[in-house]
Amino acid sequence: MSQPVKLYNTLTRQKEPFEPINPPYIGLYVCGPTVYNYVHLGNVRTFLTFDSLFRYLTYVGYKVRYVRNITDVGHLVGDSDEGEDKIGRMAKLEKLEPMEIVQRYTNDFHQIMEIFNILPPSVEPTATGHMVEQIEAVKKLINQGLAYESNGSVYFDISAYNKEGGNYGKLSGRILEDLLNETRELDGQSEKRNPLDFAIWKNASPEHIMRWPSPWGDGFPGWHLECTCMSTKYLGSQFDIHGGGMDLKFPHHECEIAQGNGLTGKDPVRYWMHSNMLTVNGQKMSKSLGNSFLPSELFTGSHPLLEQAYSPMTVRFFMLQSHYRSTLDFSNEALKAAHKGYKRLANGLRIVKSMEFTIEEGSTPEEAHLTEIQKIRQGCFDAMNDDLNTAVTIANLFNLLKKINQLYMNQLLPSAVGREAFNLLRDTFVGFTEDVLGLKEERNENGDALIDGMLDLYKEYKVQKQYDKVDQIRAYFKAQGLVIKDMKHRIDWAYEE
């Protein structure tokens, strides 16, 4: 934990030194999926971002309790306070029980997370499993004068909150007067005292499927309330980090701050972090434009905008090549380049795991190798410490890969590197590739990941006219009973006849 981590805090709009409330323990909460449909790539990017954070903080020695919820009630169509519950609506369309919908898409979510090698959280609570906590929170907010009942629904009172010293809008940077002007024309909801007030408990109409008894009549909790109740239950009234997608900053996370502050008298979170959106060929990814991908469409190449299939680790590598706060643009060219880059790292991973330190007679370690490897290793730490700069971390790993390839091709002897430098190289490459970035080797149908990686090196050396290295790789293939098929427009390999 000697690493000085800096994180960009959305609340203060700047990078800040990360100082846990109770080191070495860290409380991390991330808004999970609403399980009414298949998980989409925007979700995947968010969860991959915080998987990287979880992995890195654990890697440098922190004890992280990672809580990521499942929303299985209360999230209404359009993210508003009116309309149908997203899960209830899907249940009607599919003619199923709501919990069948929840189970189906929760299973899908878990499968996709596993395919992308995204670690499970420490705790995964559900909204329906914490109904008691949510009803008690509503009671407390009413008693404190920060919420009011209207026709069986209960709303959080923004004006009362601000009079008590609150600052609704501080996370998103929105000014209250501007928000009022934006919403006044839309205010047809006579139940609310103020158009900005948001529901913490909703009265269930007769046709509403998902409902629970409460002091205000049968209803269901507001979407924003569940995260406040579950995060504070498992992480305390104030915890270290809250994460989610950029689209949740307002109103969802803004409302969480107001509720948490109202319930405990202090801001619930020290550091707010948000991942950015995905685009496709420069356009926003959306179903209406026909350019949104399901993970399964990427893996099979079945989407009309895709020229080929892309593996889960290729997509993970692609996402890690961009900083989590920047917009990430999907294109076939970018994905193909990511595939090549991933295969190079995976090949290096396999090679370095297979290498053993040997001592050649008369060879002595050169101090320069240890200094170089130490510098690259610190570069990996520095990049991750700088607000999770995974792109620079990957660049450092490619620098290590050059030395790994030199060792593998006998251009550099292990004894010349020295045992300390050799072990440091291996530990750094494996640790940051697998443990921090979460990349693992994917074998193709014939189990030829190593062969494919060597073939990539062959192509590069041929372009660079490094013919001695080209001959070395040809010799390697021959020793394996393989031959390189060097055709005019394509380079491939086959077993020798």
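Lys 95 lies in the loop between helix H2 (86-94) and helix H3 (98-115), where helices are DSSP runs of type H or I with at least four residues, strands are E runs of at least two, and both are numbered from the N terminus. Although Lys 95 is not a glycine, its phi is positive, at about 55°. With a relative accessible area of 75%, Lys 95 counts as exposed; exposed means over 50%, buried under 20%, and partly exposed in between, for a 1.4 Å probe and protein chains only.

The model is a predicted one, in which local features need pLDDT of at least 70 and side-chain atom pairs count only at pLDDT 80 or more, while totals for chains, interfaces and linings use all residues. Residues are numbered from 1 along each chain as its sequence is written, and side-chain values use heavy atoms, leaving out hydrogens and water.

**Overall form**

The protein contains 17 helices and 15 strands. Its C-alpha trace spans about 85 × 50 × 35 Å along the principal axes. Of the 497 residues, 54% count as buried. If a contact is taken as heavy atoms within 4.5 Å, then 73% of the contacts between residues at least 6 apart in sequence join residues at least 24 apart.

**Hairpins and a sheet**

Two strands are said to pair if DSSP finds at least two bridges between them. Strand E1 (residues 6-9) and strand E2 (residues 14-17) pair in the antiparallel sense over four bridges, and Lys 6 has Pro 17 in E2 as its bridge partner. Four residues lie between these strands in the hairpin, and Arg 13 takes a positive phi near 60° there. Arg 13 is partly exposed, with a relative accessible area of 40%.

A second hairpin is formed by E5 and E6, with two residues between them; Asn 151 in the turn has a positive phi of about 55°. Strand E5 (residues 147-150) and strand E6 (residues 153-156) run antiparallel and are joined by four bridges. Glu 149 is paired with Val 154 in E6 as its bridge partner.

An open sheet of three strands, with mixed pairing, has the order E12-E11-E13. Strand E12 (283-284) and strand E13 (328-330) each have a single partner strand, so one side of each is left without a neighbour in the sheet. Strand E11 (residues 278-280) pairs with E13 in the parallel sense over three bridges, and Leu 278 stands opposite Leu 328 in E13.

Most residues other than glycine have a negative phi, and most peptide bonds are trans.

| Cis bond | Omega | Location of the proline |
|---|---|---|
| Pro 23 to Pro 24 | near 5° | Pro 24: loop between E2 and strand E3 (25-30) |
| Phe 250 to Pro 251 | about 5° | Pro 251: helix H8 (residues 249-264) |

**Cysteines**

A disulfide is a pair of cysteine sulfur atoms within 2.5 Å, and by this rule the count is zero. The sulfur of Cys 227 is 3.8 Å from the closest cysteine sulfur, in Cys 31, which is too far for a bond. Cys 255 is in no disulfide either, since the nearest cysteine sulfur, that of Cys 227, is 11 Å away. Cys 227 is buried, with a relative accessible area of 2%, and Cys 255 is buried as well, at 1%.
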